[in-house]
Amino acid sequence: VHEGIDSTLTVLDSRFRANEYRTKIEVVKDYRLNCPVDCYPSRLNQVFLNLIINAIDAIDDKFTTPPQTLSTLESPTLHISTDLVDGEAVIQITDSGTGIPKSAQSKIFDQFFTTKPVGQGTGLGLTIARTIIVQDHKGSLTCSSFEDEGTTFTIKFPSGNLPE
């Protein structure tokens, strides 16, 4: 799990760099999952990629709409934690971005639903992520979000005995 998260962060490294609207996104890792977990690594990496790209986009949206000056901004952060709770792997990805509007929160996992402007999102990332976690890993993918504060996605799945 940690190798998958770290490789995803490496692939997206250039997206964390400072730009004209914001400082570098600080990535905080709190890895407490200290045992092997049964998972489908490539599928789980796809989930991490979708969630982290969405987090970066939400952070970028917060810091560019409306344009603000760097001196008045909070520090953009992405917090990733892992743990083992009651036999389940628990992974949380939290961003300090725009948050998801309350009116959209019930639809974010619907196929082709997107909060992004036309041409910037397909509305498939979260649908695919949820399918991978629910069907392949027999787990859950949930979201908690507050407008202008950020979003947390929580992944939970049993730590052992995946079906072949």
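Asp95 is placed in strand β3 (strands are DSSP runs of E with at least two residues, helices runs of H or I with at least four, both numbered from the N terminus). This is a predicted model, in which local features need pLDDT of at least 70 and side-chain atom pairs count only at pLDDT 80 or more, while totals for chains, interfaces and linings use all residues. Residues are numbered from 1 along each chain as its sequence is written, and side-chain values use heavy atoms, with hydrogens and water left out.

**Overall composition**

- The protein chain contains 4 helices and 5 strands, and from the N terminus on these elements follow the order α-α-β-α-β-β-α-β-β.
- Of its 164 residues, 37% count as buried (under 20% relative accessible area, with exposed over 50% and partly exposed in between; 1.4 Å probe, protein chains only).
- Among the contacts with a separation of 6 or more, 69% are accounted for by residues 24 or more positions apart (contact means heavy atoms within 4.5 Å).

**Surroundings of Asp95**

- Asp95 is buried, its relative accessible area being 7%.
- Residues up to four places away in sequence being set aside, Asp95 touches Ala55, Ala58, Ile59, Thr77, Leu78, Glu149, Gly150 and Thr151.
- Asp95 and Ile56 stand 39 residues apart along the chain, and their C-alpha atoms are separated by 7.7 Å.

**Surroundings of Gly87**

- Gly87 belongs to the loop between β2 (77–85) and β3 and is partly exposed, with a relative accessible area of 38%.
- Apart from neighbours within four places in sequence, Gly87 is in contact with Phe157, Pro158 and Ser159.
- Between Gly87 and Lys156 there are 9.9 Å from C-alpha to C-alpha, at a sequence separation of 69 residues.

**Helix packing**

- The axes of α1 (residues 2–11) and α3 (residues 41–64) come within 9 Å and cross at roughly 45° (axes are lines fitted to C-alpha atoms, for helices over the stretch in contact, and angles run from 0 to 180 degrees between N-to-C directions).
- Helices α1 and α3 are therefore oblique to each other (angles under 35 degrees count as roughly parallel, over 145 as roughly antiparallel, 65 to 115 as roughly perpendicular and the rest as oblique).
- In this contact, Gly4, Ile5, Ser7, Thr8 and Leu9 of α1 meet Asn45, Phe48, Leu49 and Ile52 of α3.
- Helices α3 and α4 pack with their axes 9 Å apart, at an angle of about 145°.
- On the α3 side of that contact are Arg43, Leu44, Gln46, Val47, Asn50, Leu51 and Asn54, and on the α4 side Gly125, Leu126, Ile128, Ala129, Ile132, Ile133 and Asp136.

**Aromatic rings and charges**

- The count comes to 1 aromatic pair (rings of Phe, Tyr and Trp, the last by its six-membered ring, with centres within 6.5 Å; planes under 30 degrees apart are stacked, over 60 edge-to-face and the rest tilted).
- The ring centres of Phe109 and Phe153 are 6.3 Å apart and the planes stand at 85°, so the pair is edge-to-face.
- Because Phe109 lies in the loop between β3 (88–95) and α4 (125–136) and Phe153 in strand β5 (residues 150–158), the pair ties together parts 44 residues apart in sequence.
- Arg130 lies over the face of Phe109, 3.8 Å from the ring centre (NZ of Lys or CZ of Arg within 6 Å of the ring centre and within 35 degrees of the ring normal).
- The charged end of Arg43 sits over the ring of Tyr40, at 4.6 Å from its centre.
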